Amino acid sequence: DLDPLPPMTPEFLSVLNKVCEQCYTDFAPDELEVSVREHILRDLESFVRRQFPGARLQLFGSSKNGFGFRQSDLDICMDGNCIIIIESLARQLKKHPGLKNILPITTAKVPIVKFYHIRTGLEGDISLYNTLALHNTRLLASYAAIDRRVKILCYVMKVFAKMCDIGDASRGSLSSYAYTLMVLFFLQQRSPPVIPVLQEIYDAKKKPQVLVDGWNVYFFHDLKTLPSCWPQYAKNTETVGELWLGLLRFYTEDFDFREHVVCIRQHSRLTTFNKQWTSKYIVIEDPFDLNHNLGAGLSRKMTNFIMKAFINGRTVFGTPIKVFPPLYPSQME
Ligand code: GTP
Ligand code: MG
């Protein structure tokens, strides 16, 4: 029941491509912002060590995975050889003069303390022993490093999700992380693929086992040798604009959400039946914690809202309109 799209024109595709590239140049943080994040981290680490001498703090999420925005939150994982109690961590953070709005949340799957960093206006949270998140951050960073189109498309997806108001997990939609997994899955399934399945590349006969919290977090990360390990390397030559429209069409025309799982750890299709996740319409499997469906919290109403955003996106980006060249001051005289 989708309207057919009119023929695409090269002019419109080139505009589309520019818009995509612009998302990246407008929103990617510069080196200064990256170092500010590291600085805050070091400062917080030395501060919490007064209370927890063996503690270690590490950044994860978009501060590290290659898809960060200027105002993205600070995701910090705390571990180390000491016993950390979330309430006493919160009490300690309340003494820090540079922070406010300290709020411990103990009911979540991973306990966290939220805070607001006054000088930068950045929000952040410290989670405890969130080891798998450190690994999926490294996995995403590796995909981002393979091809710059990966990075740009993930930015475009995040901008799109924000503009359509479908990107806030705390208000019942999907998280940035979930949308990033959708982009990576599309790029693996594209033919020829833009990126490989890093969890399926290994030279031994059997997949190596690296167990963390009971899950295998192995993935191929020797990216320098990827061209010789992955026969499809650099075969896909589409522009970012073509891929963005391709993504919107893929999720609205080709991918059957009722049958299939968005799954970036294997190339062959995984079904919702295999996973016993048939009651949900958008099913996104975490690449390491295979019991974690990122779409589990979606209501039916929110699912429809998200699907409508994709369908509208397909029409908007897939319908060529006449685009006039920009006016420069010299042309206005
Ligand atoms: P932005 O903060 O929106 O720029 O993106 P982000 O990738 O940092 O997303 P977010 O702050 O929501 O999540 C931080 C990290 O937590 C993700 O990058 C994952 O590494 C990890 N994570 C693992 N499982 C989940 C999950 O179910 N939901 C969310 N939100 N994050 C998860
Ligand atoms: Mg974040």
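Residues are numbered from 1 along each chain as its sequence is written, and chains are lettered from A and ligands numbered from 1 in the order in which they are written. Because the model is predicted, local features need pLDDT of at least 70 and side-chain atom pairs count only at pLDDT 80 or more, while totals for chains, interfaces and linings use all residues; side-chain values use heavy atoms, with hydrogens and water left out.

**Domains**

The protein is divided into domain 1 (10–25 + 147–318) and domain 2 (31–133), with bounds that come from an automatic or database domain assignment. Their contact (heavy atoms within 4.5 Å) takes 15 residues from domain 1 and 9 residues from domain 2. The C-alpha centres of the two domains lie 28 Å apart. About 1000 Å² is buried between domain 1 and domain 2, and carbon and sulfur atoms give 65% of this area. Buried area is the accessible area (1.4 Å probe) that two parts lose on being put together, summed over both.

**Ligand 1**

Both domains give residues to the shell around ligand 1, so the ligand lies between them. There are 16 residues around ligand 1, and Ser62, Ser72, Asn136, Ser176 and His292 come nearest; a residue is near if one of its heavy atoms lies within 4 Å of the molecule. The shell divides into 4 nonpolar, 9 polar and 3 charged residues. In this scheme Ala, Val, Leu, Ile, Met, Phe, Trp, Tyr, Cys and Pro count as nonpolar, Asp, Glu, Lys and Arg as charged, and the others, Gly among them, as polar.

Helix 4 (131–146) and helix 6 (176–189) each supply at least two residues of the shell, and helix 4 gives the most, with 3 residues. Helices (H or I, at least four residues) and strands (E, at least two) are DSSP runs, numbered from the N terminus.

| Side chain (N or O atom) | Distance to an oxygen atom of ligand 1 |
|---|---|
| Asn65 | 3.5 Å |
| Ser72 | 2.6 Å |
| His292 | 2.6 Å |

Taken alone, ligand 1 exposes 590 Å², and the protein buries 77% of that; accessible areas come from the Shrake-Rupley method with a 1.4 Å probe.

**Backbone features**

Most residues other than glycine have a negative phi, and most peptide bonds are trans. Tyr129, in the loop between strand 5 (122–128) and helix 4, has a positive phi of about 45 degrees although it is not a glycine. The peptide bond from Ser191 to Pro192 is cis, with omega near -5 degrees. Pro192 is found in the loop between helix 6 and strand 6 (211–212).

Terms used:
A polar contact is a pair of N or O atoms within 3.5 Å; within protein, one must be able to donate a hydrogen and the other to accept it, and residues adjacent in sequence count only if both atoms are side-chain atoms.
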